[in-house]
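Please look at the sequence and the structure shown here before reading on. The report that follows goes through some helices and their surroundings.

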Amino acid sequence: MKLAVFVSDLRNTVDTLDRLKAEKLGIILVQNGVYHAVIKEKGSASPLLKKSADFYALSEDLETRGLSSSNIASGIKVVNYSDVVDLIFNNYEKSVWL
Amino acid sequence: MATTKLGFIVQRPPYKTENPKLALTHAISSQSVEVYLKDGDLVTADVAFVGDGVLNCIKNQKATEHYDISSTESHIKNSLLLDLNVLVCKEDLEKFGLSENDIVMDAEEFGADMKVKVVPFAEINKMMEEVNHLLFF
Amino acid sequence: MGKLTIGCFSSLVGSMSLDFAVKLAGAAVDKGHKVDLWVSGNGTMLSVKGQRAFKDYSSLEKNLKELMGKGLTVTACEACAEARGYHKDGTMEGFKRHSMDWYLASAFDADRVFHIGGE
(Lines give C-alpha, C1' and ligand atoms only; values in the text may rest on other atoms or scores of the structure.)
Protein backbone atom coordinates (compact mmCIF):
# COMPACT_ATOMS: atom_id res chain seq x y z
CA MET A 1 0.00 0.00 0.00
CA LYS A 2 1.03 3.61 -0.45
CA LEU A 3 0.79 5.04 3.01
CA ALA A 4 1.20 8.58 4.35
CA VAL A 5 1.95 8.73 8.05
CA PHE A 6 1.36 12.07 9.68
CA VAL A 7 3.68 12.42 12.67
CA SER A 8 2.25 15.09 14.96
CA ASP A 9 4.44 14.71 18.05
CA LEU A 10 8.10 14.99 18.91
CA ARG A 11 7.86 12.15 21.43
CA ASN A 12 5.91 9.19 20.19
CA THR A 13 4.23 7.16 22.87
CA VAL A 14 3.38 4.48 20.32
CA ASP A 15 5.84 2.41 18.30
CA THR A 16 3.42 1.81 15.46
CA LEU A 17 5.48 3.73 12.92
CA ASP A 18 8.39 1.33 13.35
CA ARG A 19 6.14 -1.60 12.52
CA LEU A 20 4.18 -0.34 9.54
CA LYS A 21 5.10 -1.97 6.22
CA ALA A 22 4.20 -0.24 3.00
CA GLU A 23 5.34 -0.43 -0.59
CA LYS A 24 5.62 3.35 -0.53
CA LEU A 25 5.85 5.22 2.76
CA GLY A 26 5.58 8.96 3.21
CA ILE A 27 6.21 10.61 6.57
CA ILE A 28 4.58 14.01 6.83
CA LEU A 29 5.75 16.02 9.83
CA VAL A 30 3.03 18.27 11.19
CA GLN A 31 2.29 20.10 14.44
CA ASN A 32 5.00 19.18 16.98
CA GLY A 33 6.25 16.53 14.58
CA VAL A 34 8.03 19.27 12.63
CA TYR A 35 10.66 19.40 15.37
CA HIS A 36 11.99 16.12 13.99
CA ALA A 37 12.97 18.03 10.85
CA VAL A 38 15.09 20.63 12.58
CA ILE A 39 16.00 19.94 16.19
CA LYS A 40 19.05 17.95 17.18
CA GLU A 41 19.43 16.40 20.59
CA LYS A 42 23.00 16.12 21.87
CA GLY A 43 24.14 16.89 18.36
CA SER A 44 22.21 14.08 16.71
CA ALA A 45 19.33 14.38 14.32
CA SER A 46 16.06 12.63 15.08
CA PRO A 47 16.30 8.83 14.69
CA LEU A 48 12.95 9.06 12.87
CA LEU A 49 14.81 10.49 9.86
CA LYS A 50 16.67 7.21 9.42
CA LYS A 51 13.49 5.47 8.32
CA SER A 52 13.25 4.57 4.69
CA ALA A 53 10.52 6.97 3.54
CA ASP A 54 9.82 10.19 1.67
CA PHE A 55 9.84 13.01 4.21
CA TYR A 56 7.80 16.18 4.24
CA ALA A 57 7.41 18.99 6.80
CA LEU A 58 4.50 21.41 6.97
CA SER A 59 5.68 24.99 6.47
CA GLU A 60 2.84 26.56 8.46
CA ASP A 61 3.73 24.46 11.51
CA LEU A 62 7.48 25.10 11.13
CA GLU A 63 6.95 28.84 10.99
CA THR A 64 4.42 28.77 13.85
CA ARG A 65 7.20 27.35 16.01
CA GLY A 66 9.82 29.82 14.85
CA LEU A 67 11.66 27.17 12.89
CA SER A 68 13.31 28.14 9.66
CA SER A 69 13.01 26.10 6.47
CA SER A 70 16.70 26.83 5.90
CA ASN A 71 17.59 24.64 8.89
CA ILE A 72 15.61 21.63 7.69
CA ALA A 73 17.52 18.36 7.55
CA SER A 74 18.42 17.38 4.03
CA GLY A 75 16.00 15.10 2.25
CA ILE A 76 12.90 16.68 3.77
CA LYS A 77 10.58 18.56 1.45
CA VAL A 78 8.79 21.57 2.91
CA VAL A 79 5.12 21.60 1.93
CA ASN A 80 2.06 23.69 2.72
CA TYR A 81 -1.55 22.63 3.36
CA SER A 82 -2.39 22.76 -0.32
CA ASP A 83 0.54 20.46 -1.10
CA VAL A 84 -0.63 18.10 1.66
CA VAL A 85 -4.02 17.82 -0.03
CA ASP A 86 -2.25 16.85 -3.25
CA LEU A 87 -0.10 14.29 -1.42
CA ILE A 88 -3.21 12.72 0.11
CA PHE A 89 -5.06 12.51 -3.17
CA ASN A 90 -2.27 11.84 -5.64
CA ASN A 91 0.66 10.17 -3.89
CA TYR A 92 -0.80 8.03 -1.10
CA GLU A 93 -3.86 5.77 -0.93
CA LYS A 94 -4.21 5.82 2.84
CA SER A 95 -3.30 8.17 5.65
CA VAL A 96 -2.52 7.53 9.28
CA TRP A 97 -2.28 10.14 12.01
CA LEU A 98 0.14 9.44 14.87
CA MET B 1 -23.57 -3.06 -4.92
CA ALA B 2 -20.32 -1.91 -3.35
CA THR B 3 -18.47 -2.47 -0.11
CA THR B 4 -16.10 -0.10 1.60
CA LYS B 5 -13.81 -1.67 4.18
CA LEU B 6 -12.56 0.33 7.14
CA GLY B 7 -9.73 -0.63 9.50
CA PHE B 8 -9.98 0.69 13.05
CA ILE B 9 -6.57 0.47 14.76
CA VAL B 10 -6.49 1.01 18.53
CA GLN B 11 -3.05 1.87 19.88
CA ARG B 12 -3.74 3.29 23.31
CA PRO B 13 -5.02 1.87 26.58
CA PRO B 14 -8.60 2.50 27.72
CA TYR B 15 -10.39 4.90 30.04
CA LYS B 16 -8.01 7.82 30.56
CA THR B 17 -9.04 8.96 27.12
CA GLU B 18 -12.27 7.97 25.43
CA ASN B 19 -10.74 7.29 22.04
CA PRO B 20 -10.34 3.50 22.25
CA LYS B 21 -14.02 3.19 23.17
CA LEU B 22 -15.00 5.58 20.37
CA ALA B 23 -13.10 3.34 17.95
CA LEU B 24 -15.33 0.47 18.97
CA THR B 25 -18.59 2.41 18.97
CA HIS B 26 -17.83 3.79 15.52
CA ALA B 27 -16.89 0.34 14.23
CA ILE B 28 -20.12 -1.08 15.67
CA SER B 29 -22.11 1.62 13.88
CA SER B 30 -21.19 -0.12 10.62
CA GLN B 31 -24.25 -2.21 11.39
CA SER B 32 -26.65 0.66 10.87
CA VAL B 33 -24.88 2.63 8.15
CA GLU B 34 -27.12 1.11 5.47
CA VAL B 35 -29.82 3.65 6.28
CA TYR B 36 -27.64 6.17 4.43
CA LEU B 37 -26.65 3.92 1.54
CA LYS B 38 -28.30 2.36 -1.51
CA ASP B 39 -29.64 -1.19 -1.18
CA GLY B 40 -26.84 -3.71 -1.15
CA ASP B 41 -24.07 -1.19 -0.41
CA LEU B 42 -22.08 -1.94 2.73
CA VAL B 43 -19.42 -0.62 5.05
CA THR B 44 -17.45 -3.26 6.96
CA ALA B 45 -15.28 -2.65 10.00
CA ASP B 46 -12.22 -4.61 11.11
CA VAL B 47 -10.81 -3.72 14.52
CA ALA B 48 -7.22 -4.33 15.58
CA PHE B 49 -5.63 -3.74 18.98
CA VAL B 50 -1.90 -3.07 18.80
CA GLY B 51 0.79 -1.75 21.12
CA ASP B 52 -0.65 -0.51 24.40
CA GLY B 53 -4.05 -0.90 22.77
CA VAL B 54 -4.08 -4.64 23.62
CA LEU B 55 -4.72 -3.57 27.23
CA ASN B 56 -8.28 -2.70 26.18
CA CYS B 57 -8.87 -6.45 25.92
CA ILE B 58 -8.13 -7.42 29.51
CA LYS B 59 -11.24 -9.05 30.91
CA ASN B 60 -13.23 -8.41 34.11
CA GLN B 61 -13.26 -4.66 33.72
CA LYS B 62 -15.28 -2.98 36.49
CA ALA B 63 -15.87 0.38 34.84
CA THR B 64 -19.60 0.29 35.48
CA GLU B 65 -19.23 -0.49 39.15
CA HIS B 66 -16.71 2.24 39.83
CA TYR B 67 -17.44 4.98 37.29
CA ASP B 68 -20.95 4.13 36.11
CA ILE B 69 -19.83 3.92 32.48
CA SER B 70 -19.91 1.09 30.01
CA SER B 71 -16.75 -0.97 29.89
CA THR B 72 -14.57 -1.25 26.83
CA GLU B 73 -14.84 -4.98 27.41
CA SER B 74 -18.60 -4.83 26.81
CA HIS B 75 -18.04 -3.01 23.53
CA ILE B 76 -15.58 -5.67 22.41
CA LYS B 77 -18.24 -8.27 23.16
CA ASN B 78 -20.83 -6.25 21.23
CA SER B 79 -18.43 -6.14 18.30
CA LEU B 80 -18.17 -9.93 18.34
CA LEU B 81 -21.95 -10.28 18.63
CA LEU B 82 -22.23 -8.17 15.49
CA ASP B 83 -19.68 -10.35 13.69
CA LEU B 84 -16.96 -7.73 13.43
CA ASN B 85 -13.46 -9.05 12.80
CA VAL B 86 -11.49 -8.27 15.99
CA LEU B 87 -7.72 -8.83 15.96
CA VAL B 88 -5.28 -8.57 18.86
CA CYS B 89 -1.55 -8.36 18.29
CA LYS B 90 0.18 -11.51 19.58
CA GLU B 91 3.59 -9.90 20.05
CA ASP B 92 2.12 -7.05 22.09
CA LEU B 93 0.18 -9.39 24.36
CA GLU B 94 3.36 -11.35 24.97
CA LYS B 95 5.29 -8.14 25.62
CA PHE B 96 2.89 -7.46 28.50
CA GLY B 97 3.08 -11.05 29.72
CA LEU B 98 -0.55 -11.60 28.78
CA SER B 99 -2.14 -14.63 27.23
CA GLU B 100 -5.53 -15.51 25.75
CA ASN B 101 -6.61 -16.46 29.29
CA ASP B 102 -6.29 -12.83 30.39
CA ILE B 103 -8.31 -11.21 27.63
CA VAL B 104 -11.83 -11.18 26.25
CA MET B 105 -11.87 -13.90 23.62
CA ASP B 106 -15.55 -14.39 22.95
CA ALA B 107 -19.10 -13.32 23.74
CA GLU B 108 -20.60 -16.79 23.89
CA GLU B 109 -22.86 -15.83 26.76
CA PHE B 110 -24.66 -13.50 24.30
CA GLY B 111 -24.73 -16.07 21.52
CA ALA B 112 -21.89 -14.60 19.49
CA ASP B 113 -20.19 -16.91 17.01
CA MET B 114 -17.23 -14.65 16.32
CA LYS B 115 -14.17 -14.87 18.50
CA VAL B 116 -11.25 -12.53 19.00
CA LYS B 117 -8.26 -13.56 16.91
CA VAL B 118 -4.79 -13.24 18.43
CA VAL B 119 -2.50 -12.82 15.45
CA PRO B 120 1.03 -11.67 14.60
CA PHE B 121 1.40 -7.99 13.69
CA ALA B 122 2.17 -9.07 10.13
CA GLU B 123 -1.44 -10.19 9.80
CA ILE B 124 -2.68 -6.90 11.13
CA ASN B 125 -0.48 -5.14 8.59
CA LYS B 126 -2.08 -7.35 5.94
CA MET B 127 -5.52 -6.27 7.10
CA MET B 128 -4.37 -2.66 6.83
CA GLU B 129 -3.37 -3.29 3.24
CA GLU B 130 -6.69 -4.91 2.40
CA VAL B 131 -9.06 -2.28 3.79
CA ASN B 132 -9.94 0.86 1.84
CA HIS B 133 -9.28 3.33 4.65
CA LEU B 134 -7.49 3.37 7.98
CA LEU B 135 -8.61 5.03 11.20
CA PHE B 136 -5.99 5.07 13.94
CA PHE B 137 -7.04 5.77 17.50
CA MET C 1 -11.68 16.34 -8.18
CA GLY C 2 -12.42 13.87 -5.39
CA LYS C 3 -14.11 13.46 -2.05
CA LEU C 4 -12.24 13.74 1.25
CA THR C 5 -13.80 12.65 4.52
CA ILE C 6 -12.03 14.03 7.57
CA GLY C 7 -12.78 12.79 11.07
CA CYS C 8 -11.39 14.63 14.09
CA PHE C 9 -11.84 13.62 17.71
CA SER C 10 -9.56 16.25 19.25
CA SER C 11 -10.91 19.07 21.36
CA LEU C 12 -11.41 22.67 20.38
CA VAL C 13 -8.85 25.04 21.94
CA GLY C 14 -7.17 22.39 24.11
CA SER C 15 -5.40 20.90 21.11
CA MET C 16 -4.47 22.30 17.72
CA SER C 17 -5.25 19.07 15.92
CA LEU C 18 -8.75 20.40 15.24
CA ASP C 19 -7.23 23.56 13.76
CA PHE C 20 -5.18 21.28 11.50
CA ALA C 21 -8.30 19.41 10.42
CA VAL C 22 -10.17 22.63 9.59
CA LYS C 23 -7.23 24.09 7.67
CA LEU C 24 -6.80 20.85 5.74
CA ALA C 25 -10.51 20.85 4.95
CA GLY C 26 -10.22 24.44 3.76
CA ALA C 27 -7.25 23.68 1.53
CA ALA C 28 -9.12 20.77 -0.01
CA VAL C 29 -12.29 22.83 -0.57
CA ASP C 30 -10.22 25.56 -2.22
CA LYS C 31 -8.81 22.97 -4.61
CA GLY C 32 -12.32 21.97 -5.64
CA HIS C 33 -12.65 18.74 -3.68
CA LYS C 34 -15.84 17.77 -1.91
CA VAL C 35 -15.11 17.62 1.83
CA ASP C 36 -17.05 16.18 4.76
CA LEU C 37 -15.76 16.97 8.26
CA TRP C 38 -16.97 14.75 11.10
CA VAL C 39 -16.27 15.63 14.73
CA SER C 40 -16.77 13.22 17.56
CA GLY C 41 -15.74 12.94 21.20
CA ASN C 42 -14.21 16.19 22.39
CA GLY C 43 -14.22 17.43 18.79
CA THR C 44 -17.94 18.08 19.13
CA MET C 45 -16.96 21.22 21.01
CA LEU C 46 -16.45 22.73 17.57
CA SER C 47 -20.21 22.69 17.01
CA VAL C 48 -21.04 25.08 19.84
CA LYS C 49 -22.11 28.54 18.69
CA GLY C 50 -20.93 31.78 20.16
CA GLN C 51 -17.23 30.94 20.42
CA ARG C 52 -15.36 34.07 21.44
CA ALA C 53 -12.31 34.84 19.39
CA PHE C 54 -9.62 35.62 21.95
CA LYS C 55 -6.11 35.69 20.59
CA ASP C 56 -4.84 33.32 23.25
CA TYR C 57 -7.13 30.57 22.04
CA SER C 58 -7.80 28.83 18.75
CA SER C 59 -10.90 30.29 17.15
CA LEU C 60 -12.47 28.32 14.37
CA GLU C 61 -16.12 29.45 14.18
CA LYS C 62 -15.56 32.24 11.64
CA ASN C 63 -13.33 30.10 9.39
CA LEU C 64 -15.77 27.26 9.62
CA LYS C 65 -18.74 29.38 8.59
CA GLU C 66 -16.80 30.66 5.57
CA LEU C 67 -15.93 27.11 4.57
CA MET C 68 -19.53 25.98 5.02
CA GLY C 69 -20.45 28.77 2.65
CA LYS C 70 -18.05 27.23 0.12
CA GLY C 71 -19.62 23.79 0.44
CA LEU C 72 -17.90 22.12 3.40
CA THR C 73 -20.26 19.74 5.22
CA VAL C 74 -19.62 19.64 8.98
CA THR C 75 -21.30 17.10 11.21
CA ALA C 76 -21.03 16.37 14.93
CA CYS C 77 -21.69 13.11 16.70
CA GLU C 78 -25.01 13.77 18.39
CA ALA C 79 -24.42 11.37 21.30
CA CYS C 80 -20.96 12.80 22.00
CA ALA C 81 -22.35 16.33 21.87
CA GLU C 82 -25.33 15.64 24.09
CA ALA C 83 -23.14 13.83 26.64
CA ARG C 84 -21.22 17.08 26.96
CA GLY C 85 -24.34 19.21 27.31
CA TYR C 86 -24.12 20.59 23.79
CA HIS C 87 -27.73 20.67 22.67
CA LYS C 88 -29.29 21.38 19.32
CA ASP C 89 -30.29 24.93 20.23
CA GLY C 90 -26.67 25.71 21.12
CA THR C 91 -25.29 24.39 17.83
CA MET C 92 -23.80 26.63 15.16
CA GLU C 93 -26.13 27.22 12.22
CA GLY C 94 -25.35 24.86 9.37
CA PHE C 95 -23.53 22.38 11.61
CA LYS C 96 -25.29 19.04 11.29
CA ARG C 97 -25.68 16.43 14.04
CA HIS C 98 -26.00 12.71 13.41
CA SER C 99 -25.20 9.32 14.88
CA MET C 100 -21.82 7.65 14.31
CA ASP C 101 -22.96 5.73 11.27
CA TRP C 102 -23.04 9.04 9.37
CA TYR C 103 -19.22 9.11 9.45
CA LEU C 104 -19.01 5.62 8.05
CA ALA C 105 -21.56 6.50 5.37
CA SER C 106 -19.44 9.50 4.42
CA ALA C 107 -16.39 7.23 4.22
CA PHE C 108 -18.31 4.81 1.99
CA ASP C 109 -17.84 6.86 -1.16
CA ALA C 110 -14.84 8.98 -0.12
CA ASP C 111 -11.73 8.79 -2.24
CA ARG C 112 -9.67 9.48 0.85
CA VAL C 113 -10.40 9.30 4.58
CA PHE C 114 -8.23 11.34 6.95
CA HIS C 115 -8.81 10.45 10.59
CA ILE C 116 -7.38 12.17 13.65
CA GLY C 117 -8.26 9.89 16.53
CA GLY C 118 -7.86 12.33 19.39
CA GLU C 119 -5.15 12.88 21.98
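## A helix and its neighbours

The buried residues of α1(C) are covered by elements that include α4 (81–91) of chain A and, from chain C, β1 (3–8), β2 (34–39), α2 (61–69) and β5 (112–116). Helices (H or I, at least four residues) and strands (E, at least two) are DSSP runs, numbered from the N terminus. This is a predicted model, in which local features need pLDDT of at least 70 and side-chain atom pairs count only at pLDDT 80 or more, while totals for chains, interfaces and linings use all residues. Residues are numbered from 1 along each chain as its sequence is written, and chains are lettered from A and ligands numbered from 1 in the order in which they are written.

A residue is buried if 20 or more other C-beta atoms, placed from the backbone, lie within 10 Å of its own, exposed if 12 or fewer, and partly exposed in between. Because 12 of the 14 residues of α1(C) are buried, this helix is largely enclosed by the rest of the structure; among the buried residues are Phe20(C), Leu24(C) and Val29(C). After α1(C) comes Gly32(C), which has a positive phi, near 95°.

Chain A meets chain C through 11 residues of chain A and 15 residues of chain C, where a contact means that the C-beta atoms of two residues, placed from the backbone, lie within 7 Å. On the side of chain A that touches chain C, α4(A) gives the most, with six residues.

Two helix pairs can be set out in a table, in which axes are lines fitted to C-alpha atoms, for helices over the stretch in contact, and angles run from 0 to 180 degrees between N-to-C directions.

| Helix pair | Angle | Axis distance |
|---|---|---|
| α4(A) and α1(C) | roughly 75° | within 9 Å |
| α1(B) and α3(B) | about 25° | 10 Å |

Angles under 35 degrees count as roughly parallel, over 145 as roughly antiparallel, 65 to 115 as roughly perpendicular and the rest as oblique. α4(A) and α1(C) are therefore roughly perpendicular to each other, and their contact involves residues including Tyr81(A) and Val84(A) of α4(A) and Leu24(C) and Ala27(C) of α1(C). α1(B) and α3(B), by their angle, are therefore roughly parallel to each other, and the residues in their contact include Leu24(B) of α1(B) and Ile76(B) of α3(B).
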